[in-house]
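Visitor: I have a structure open and would like to understand the words used to describe it. Could you walk me through them?

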Amino acid sequence: MNMSSRLIINCGSSGITVAVLSAQSGRLQIEKFVSEPLHCDCLKDKEWLAAVGVALKKLVQAHKISGKATFIIPGSQILTKIIKIPKVEAARRTQTIVFEAQQKIPYSVNELVWDSQIIGDDGVEMEVLFIACKADTIKEFSNAVTAAGLTFEAIRAATVLDYNALEFAYSDLNEDALVINMGACSTNFLFRDADGLFARNIALGGNTLTQNIAESLNKSFPQAEAIKCNAFNGEAVPVDGATTDTNKEALESCADAFMRRLGQEITRSIVHYKRQKKAPGPLRILLTGRGARLQGFAEYLRATQNSEVEYLDPLQGVTSGNGVTHDPEALRLEVSEIVGEACGGFLSKAVTVNLLPKETQTEIRFAAKKPFFILSAACLALAPWPAFLGFKGIVSAHREQAEQVRNQVEPFLTDQAKIEQNMQRALAISKSIQRVEGLVESKSNWIQFFAELQDSLTQAEDVWLDDLKVDRRQTAGDGPSYSVVLNGQMLVREIDAGIDRQLLTSRIKMLQSSFETSVFVTGSQLSSIKWTKLNEGLNVLPFTINLAVNTAKSL
């Protein structure tokens with residue numbers, strides 16, 4: 001591999017593709033391209049990760065692969081969101097992205113490895129591409145890569161790399177376009193317009209069709225997969241040792257049902273895109289991915305979407321070296337994400353989010369600089385010797401000067417008590433400054449605290465807050481004491497069977513316990529539950545909860 005070459009490994013749901021690409025003068029050349037299928041249930045994360053580890057080891061040993069690599073993980077493992085945030089300064093941007101993303105994703109941000117990229121800015125709001133993956137998945141994936149003897153350069157998300165490939169291969173494209181990438185476990189919809197992109201991933205892929213065929217023909221999943229691949233490659237469809245019209249009709253029926261279902265999702269995505277972007281639908285649809293070989297799918301889309309439909313050709317501007325033996329037509333359907341990653345350096349608006357954990361990126365940067373540190377340390381270790389030999393002859397003169405300095409310092413020692421007194425005053429002033437800094441920090445803490453309260457109320461269901469008050473008081477000797485008083489109500493849905501006070505009290509106490517999990521709360525007290533409204537026939541139960549605030553956190 002020459003100095004300008006890159007090793008890119010696409011870890012898909014059903015197979016791993018390894019490519020070595022070199023870049024020169026804005027063009028790419030594929031020097032090597034090999035693949036290995038995965039034998040697992042790709043919908044089960046544990047099985048997929050284990051199969052990836054086995055396949056990587058096999059590829060490394062069989063094809064002598066080594067060095068740094070950029071890895072691509074499939075859309076079925078990725079969470080992709082387009083969010084809008086107020087335009088804020090860079091220092092507050094990460095905090096704002098986290099807050100907005102938390103409202104739109106089903107996981108806690110702390111459970112994810114994520115990255116983001118600004119893809120739009122109208123001066124008032126910023127449009128942000130938010131890409132995330134479960135931290136546990138990234139950790140186990142990293143272990144599999146390390147066990148295979150490879151090192152990381154970056155981890156990319158397959159859901160957005162088709163955008164780079166489209167911009168690279170179709171640089172003169174002036175119309176809105178939709179790229180549909182059909183994989184084994186999921187299908188990715190990527191909308192491209194003049195302002196940027198919009199992405200959506202659905203859990204509907206080639207394995208869905210395979211499962212339908214297996215159920216229709218009463219076959220195992222591997223048998224159905226073989227039947228599907230043979231049929232869509234133009235070969236016979238052997239079932240129980242024979243080819244029958246009935247089996248062919250069943251296969252076509254499964255394919256038609258799959259296309260209708262996928263077509264509905266495409267229509268739904270286009271409608272959502274129009275609503276979000278306030279723009280007309282895409283004029284061109286481009287198909288890619290191994291699942292796009294489904295016979296009749298392009299024709300079905302032309303008829304149902306009234307759009308120009310063709311197959312994406314990411315190999316425009318790309319040449320193949322002697323190490324590539326794949327059929328060009330098959331290669332076009334499998335290489336779009338790899339080309340999208342390789343061409344990122346050529347594009348002004350490339351998507352380059354990296355799901356490699358920040359600490360791992362720091363370690364990689366440090367490892368790259370380690371040889372320079374060792375050389376610098378060696379030079380630093382040798383540097384004092386000439387100076388030491390030169391200064392050795394004037395040691396006696398320094399001793400005399402030291403004695404003179406000691407005599408000059410003697411009068412200042414008498415002022416030591418005054419110096420210590422000034423130090424105490426300085427410490428008191430420092431504490432005052434820290435309290436002021438705490439007020440500055442409290443703004444972001446309030447945002448996090450409100451988000452935690454919202455999560456607790458959402459989990460409790462049928463509960464809302466009417467009032468929130470902060471009680472700050474100074475206590476003698478122990479410093480300040482803070483508490484937050486929450487006044488809220490609970491909706492009581494079933495009141496005809498009688499009021500179960502014990503059950504309702506238990507629900508409020510569970511909400512109280514949920515509040516206590518916040519890092520800003522050290523304890524709580526259920527001050528009151530007012531049963532008056534229930535007794536009067538209203539289906540609401542007012543309550544008051546006092547939260548003792550952690551004084552170590554700024555609120």
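Guide: Gladly! Let's begin with helix H4 (residues 158-169), which lies across strand S9 (177-182), S10, S11 and S12 and runs at about 45° to S10. Please keep in mind that this is a predicted model.

Visitor: What is the order of the strands in the open sheet of five?

Guide: The order is S11-S10-S9-S12-S13, and the pairing is mixed.

Visitor: What makes strand S11 and strand S13 stand at the edges?

Guide: Strand S11 (196-202) and strand S13 (308-311) each have a single partner strand, so one side of each is left without a neighbour in the sheet. On average, neighbouring strands here are turned by 20° against each other, direction ignored.

Visitor: How do you know that strand S12 and S13 pair?

Guide: At least two bridges are needed for strands to pair. Strand S12 (residues 284-288) and S13 have four, in the parallel sense. Within S13, Glu308 is the bridge partner of Arg284. Helix H8 (residues 297-305) lies across S9, S12 and S13, at about 160° to S12.

Visitor: Why is the pair of Phe191 and Tyr273 called stacked?

Guide: Ring centres must lie within 6.5 Å to pair, and planes under 30 degrees apart count as stacked. For Phe191 and Tyr273 the centres are 4.4 Å apart and the planes are at 10°, so the pair is stacked. Phe191 belongs to strand S10 (residues 187-193) and Tyr273 to helix H7 (residues 245-277), so the pair ties together parts that are 82 residues apart in sequence. The whole structure has 13 aromatic pairs.

Visitor: Why is H1 called roughly parallel to H3?

Guide: The axes of helix H1 (residues 45-63) and helix H3 (residues 135-147) come within 8 Å and cross at roughly 20°. Angles under 35 degrees count as roughly parallel, and that makes H1 roughly parallel to H3. The crossing is right-handed. Residues making the contact include Trp48 and Leu49 of H1 and Phe141 and Val145 of H3. By class, the contact has eight nonpolar, two polar and four charged residues.

Note on methods: Residues are numbered from 1 along each chain as its sequence is written. This is a predicted model: local features need pLDDT of at least 70, side-chain atom pairs count only at pLDDT 80 or more; totals for chains, interfaces and linings use all residues. Side-chain values use heavy atoms; hydrogens and water are left out. Axes are lines fitted to C-alpha atoms, for helices over the stretch in contact, and angles run from 0 to 180 degrees between N-to-C directions. Helices (H or I, at least four residues) and strands (E, at least two) are DSSP runs, numbered from the N terminus. Angles under 35 degrees count as roughly parallel, over 145 as roughly antiparallel, 65 to 115 as roughly perpendicular and the rest as oblique. A crossing is left-handed if the near helix is turned anticlockwise from the far one by less than a right angle, and right-handed if clockwise. Contact means heavy atoms within 4.5 Å. Ala, Val, Leu, Ile, Met, Phe, Trp, Tyr, Cys and Pro count as nonpolar, Asp, Glu, Lys and Arg as charged, and the others, Gly among them, as polar. Rings of Phe, Tyr and Trp (its six-membered ring) pair if their centres lie within 6.5 Å; planes under 30 degrees apart count as stacked, over 60 as edge-to-face and the rest as tilted.
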